[in-house]
Amino acid sequence: MPFFLPERLARRLRAALKGVVIASAIAMDAGAQDRYAAQRQAMLDDIARTTRETAAETGRSALSEAVMQALWRVPRHRLIPAAEEADAYRNRPLSIGSGQTISQPFIVALMTDLLNVTRGDRVLEIGTGSGYQAAVLAELGAKVHTIEIVESLGREAAARLAALGYGAIETRIGDGYLGWPERAPFDSIIVTAAPADVPPELTRQLKAGGRLVIPLGPEQGAQTLTVIEKQRDGALVRQAVLAVRFVPLTGGGTRAR
Ligand code: SAH
């Protein structure tokens, strides 16, 4: 007796198989295009190793799996200047032009982990730079708002992010020292340039229970990556995490925009 499938079942089977074939074709295509998969994996290994090496200072010997997966998904080589592409996945800072430097991937990973992002969180980033950190936050399901003070950098980052499918990230050119009052309050705020002291507007725009992750310290001197947690009663609790070196937070709200 010939094998016979009822038509409805056959239709479903065909539809399911079609999905499988298309999905694997996309996966193969992405793999073929992604010349950097091995380098990105090596970057993740290096981040895991650096996390273990700094555990005594940071208090964490591993980063969350969600953060590591987000880093795995972001094509860092497509967010930095073409001249730096070959070094995209090395665990070290990179120059992005306009005298600005972006953090080594380990610091991006650590700061992201410290933010405790959950899907749907409203997150504010100060210092868009290349857009890499913003993309990592978007991969975690955050609704990302990011501000850059150098117009050319902000424009380039916005264009690159949109081209890579991160169009839901809201970008703005302006002085992040003042935060983004129209979009406040935020579940968390990340500052990727160092002010001497905490900009008061930022803690004001943070929700109760929210976290501010920020490097604090003088331009050439010792800076400390710091987590500031806003308690339910509004009190701010500070925790020093790691000695770091960031470019200075400029602006200061003194210029009208
Ligand atoms: N997060 C970025 C790296 C940022 S480097 C990334 O993932 O690529 C720090 C950035 O902060 C620089 O681009 C610098 O121009 C910007 N910056 C400095 N002061 C600022 C301010 N007051 N407001 C907004 N951006 C600022």
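The legends below accompany close-up views of a predicted model.

**Figure 1. The aromatic pair of Tyr36 and Tyr89.** One aromatic pair is counted in this model. The ring centres of Tyr36 and Tyr89 are 5.6 Å apart and the planes meet at 40°, so the pair is classed as tilted. An angle under 30 degrees would have counted as stacked, and one over 60 as edge-to-face. Distant parts of the chain are linked by this pair, its members being 53 residues apart. Tyr36 belongs to the loop between helix H1 (7–33) and helix H2 (37–53), while Tyr89 belongs to the loop between helix H4 (65–73) and strand S1 (94–97). Tyr36 and Tyr89 are both buried.

**Figure 2. Arginine side chains over aromatic rings.** Arg76 is placed over the face of Tyr132, 4.6 Å from the ring centre. In a second example, Arg172 has its charged end over the ring of Trp180, at 5.3 Å from the centre of that ring.

**Figure 3. The largest nonpolar core.** In soluble globular proteins, nonpolar side chains tend to be buried together. The largest core of this model has 49 residues, and those with the most contacts inside it are Ile47, Leu71, Leu110, Tyr132, Leu225 and Leu242. At least two residues each come from H2, H4, S1, H5, helix H6 (132–139), helix H7 (151–163), strand S8 (223–230) and strand S9 (236–244). Helix H5 gives the most, with eight residues. Another core, of 17 residues, lies apart from this one and includes Ile126, Ile147, Val198 and Val247.

**Figure 4. The surroundings of Tyr132.** When neighbours within four places in sequence are left aside, Tyr132 is in contact with Met43, Leu71, Val74, Arg76, Leu79 and Val108. Among these contacts is Arg76, the residue that lies over the face of the Tyr132 ring.

Figure 5. Most residues other than glycine have a negative phi, and most peptide bonds are trans. Ser98 is partly exposed, with a relative accessible area of 44%. A cis peptide bond, with omega about 5°, joins Ala184 to Pro185.

Definitions and conventions. Residues are numbered from 1 along each chain as its sequence is written. This is a predicted model: local features need pLDDT of at least 70, side-chain atom pairs count only at pLDDT 80 or more; totals for chains, interfaces and linings use all residues. Side-chain values use heavy atoms; hydrogens and water are left out. Rings of Phe, Tyr and Trp (its six-membered ring) pair if their centres lie within 6.5 Å; planes under 30 degrees apart count as stacked, over 60 as edge-to-face and the rest as tilted. Helices (H or I, at least four residues) and strands (E, at least two) are DSSP runs, numbered from the N terminus. Buried means under 20% relative accessible area, exposed over 50%, partly exposed in between (1.4 Å probe, protein chains only). A charge sits over a ring if NZ of Lys or CZ of Arg is within 6 Å of the ring centre and within 35 degrees of the ring normal. A nonpolar core is a set of buried Ala, Val, Leu, Ile, Met, Phe, Trp, Tyr and Cys residues joined through side-chain atoms within 4.5 Å. Contact means heavy atoms within 4.5 Å.
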